[in-house]
Amino acid sequence: MGRFFSILVMVFLLYVSGPIIKQKFANADYVKEMNQVESKLNDVLNNPELQATFASLSGEVKQLLEQLGLFIDKQPKEELQDHKKITLETPADQVFSIHNIELGATKDEVELNVGQANRETLNEYGTKWYAYHNHYQNFFMIMYDDKNQAAGLYTNQDLVASNKGIKLGSTKETVRDALGDPLTGIQKGLTIFQIQENADYDVYLLDDVYVTIFYDKHENNTVTAIQLINKDVEQKKHELYTSASQALKEGFEYQLFDLTNASRVEHQLPILSWDDHVRETARKHSTDMAVHHYFDHTNLKGQSPFDRMKEDHIIFYLAGENLAYGQFSSIFAHEGLMNSLGHRENILRKGYKYLGVGVAFNDQSQPYYTENFYAK
């Protein structure tokens with residue numbers, strides 16, 4: 001390694017000193033020789049393998065300096081956008097509201113107050129989640145029915161109000177004291193879909209609304225997110241897994257991206273930028289797992305996530321991967337990842353800059369989720 005660095009230093013010195021040397025030696029033979037040397041140096045420096053080596057070494061040095069607290073990034077730091085704190089009001093007609101919106105509100109009413117949605121994507125109910133936020137501040141999603149009335153709501157930020165006194169940060173004990181024992185299953189026709197006994201969420205049926213309350217087990221089992229789904233909408237979803245489609249794949253991908261950024265903002269971290277290039281890397285791994293029926297960060301060729309990213313010519317100095325399998329929606333996948341310490345650390349790692357999410361389905365429409373994070 002020491003010899004390699006010495007060679008790099010010599011190449012650099014010859015490259016930058018070439019014009020000076022040519023000025024000192026006006027003799028045509030010297031100039032001709034120097035031109036040949038300079039041409040050779042340009043060939044070396046433009047070599048793709050050497051450029052990749054430079055980039056890798058630069059990243060490793062940068063990562064080491066960051067770990068030592070010595071690195072000073074000359075790029076302007078991305079500051080969290082200032083936002084107006086929402087004054088939450090006790091819901092008038094229902095047990096819960098999100099961003100002071102209750103189920104049944106019309107799309108026109110919602111968008112009169114918060115503006116148009118930032119994104120709309122297909123969800124597991126065969127309709128769309130409309131995501132609203134201001135640089136991921138005050139993030140929430142709404143699902144509208146065929147009358148353009150809110151039939152579903154979700155947030156993982158401090159936008160929850162309740163006539164039972166439940167809010168983001170409430171303990172599981174507080175929730176159960178107020179609402180009683182959660183459901184053990186949801187019956188649809190002759191089928192009962194069982195709810196896992198030790199799940200990190202509770203489900204209630206309150207006034208014809210299925211209320212799912214997610215808990216953060218790394219924050220003493222306090223409320224971290226809530227989902228409200230109209231009973232009629234839930235009952236129309238007959239299967240646990242929605243039939244796979246390209247639109248649903250993209251919907252889950254962008255929803256996971258948005259959910260990740262909303263969680264980062266809630267933890268006072270800068271948002272990540274979407275990266276199409278690494279999304280393709282993530283998609284290929286999800287597809288490989290779905291087709292060959294395995295679930296692992298190392299694929300059947302023995303390649304790690306970092307091997308796969310390098311193979312796809314993604315240059316990085318910091319990278320990580322999250323995997324999830326079997327969750328029937330992006331929301332349940334994200335909340336599960338947040339309760340898994342290693343995956344949570346990736347979601348909330350300060351040094352990452354980019355994220356691509358890739359989803360694929362197996363022959364039973366069960367989704368595989370891959371999240372690839374990196375910085376360069």
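I began with the cut-off that the first entry needs: a residue counts as buried when its relative accessible area is under 20%. The model I looked at is a predicted one.

**Entry on Thr121**

I looked up Thr121 and found that its relative accessible area is 10%, so Thr121 is buried. I placed Thr121 in strand β2, which covers residues 119-122. Which side chain makes a polar contact with the side chain of Thr121? I noted that it is the side chain of Gln255, at 2.9 Å. Setting aside the neighbours within four places in sequence, I listed the residues in contact with Thr121 as Thr127, Lys128, Trp129, Gly251, Tyr254 and Gln255.

**Entry on strand β10**

I then turned to strand β10, residues 209-216, and asked how many of its eight residues are buried. I counted eight of eight, and I wrote the strand down as mostly covered. Going through the side chains, I saw that Val209, Val211, Ile213 and Tyr215 point one way from β10, while Tyr210, Thr212, Phe214 and Asp216 point the other way, and that residues of both sets are buried.

**Entry on the partners of β10**

I followed β10 to strand β9, residues 201-206, and found the two running antiparallel and joined by six bridges. Within this pairing I noted Phe214 of β10 as the bridge partner of Tyr201. The hairpin of β9 and β10 has two residues between the strands, and I recorded for Asp207 a positive phi near 50°.

I also followed β10 to strand β11, residues 222-230, where the pairing is again antiparallel and extends over eight bridges. Here I found Tyr210 standing opposite Ile229 in β11. β10 and β11 form a hairpin too, with five residues between them, and I noted that Asn220 in its turn has a positive phi of about 60°.

**Entry on the four-stranded sheet**

I looked next at an open sheet of four strands, and I wrote down its order as β12-β14-β15-β13, with mixed pairing. Which strands lie at the edges of this sheet? I found these to be β12 (273-274) and β13 (318-325), each of which pairs on one side only. Strand β14, residues 354-361, runs antiparallel to strand β15, residues 367-375, and I noted eight bridges joining them. One of the details I kept is that Val357 has Glu371 in β15 as its bridge partner.

I finished with the helices that pack on this sheet. Helix α7, residues 246-266, touches β12, β14 and β15, and its direction makes about 145° with that of β14. Helix α8, residues 276-292, touches β12, β13, β14 and β15, and I recorded about 30° between its direction and that of β14.

Methods. Residues numbered from 1 in each chain as written. Predicted model: local features only at pLDDT ≥ 70, side-chain atom pairs only at ≥ 80, totals over all residues. Heavy atoms only, no water. Buried < 20%, exposed > 50% of the residue type's maximum accessible area, 1.4 Å probe, protein only. Polar contact = N/O pair within 3.5 Å; in protein donor to acceptor, adjacent residues only side chain to side chain. Contact = heavy atoms within 4.5 Å. Pairing = 2+ DSSP bridges. Axes fitted to C-alpha atoms, helices over the stretch in contact; angles between N-to-C directions.
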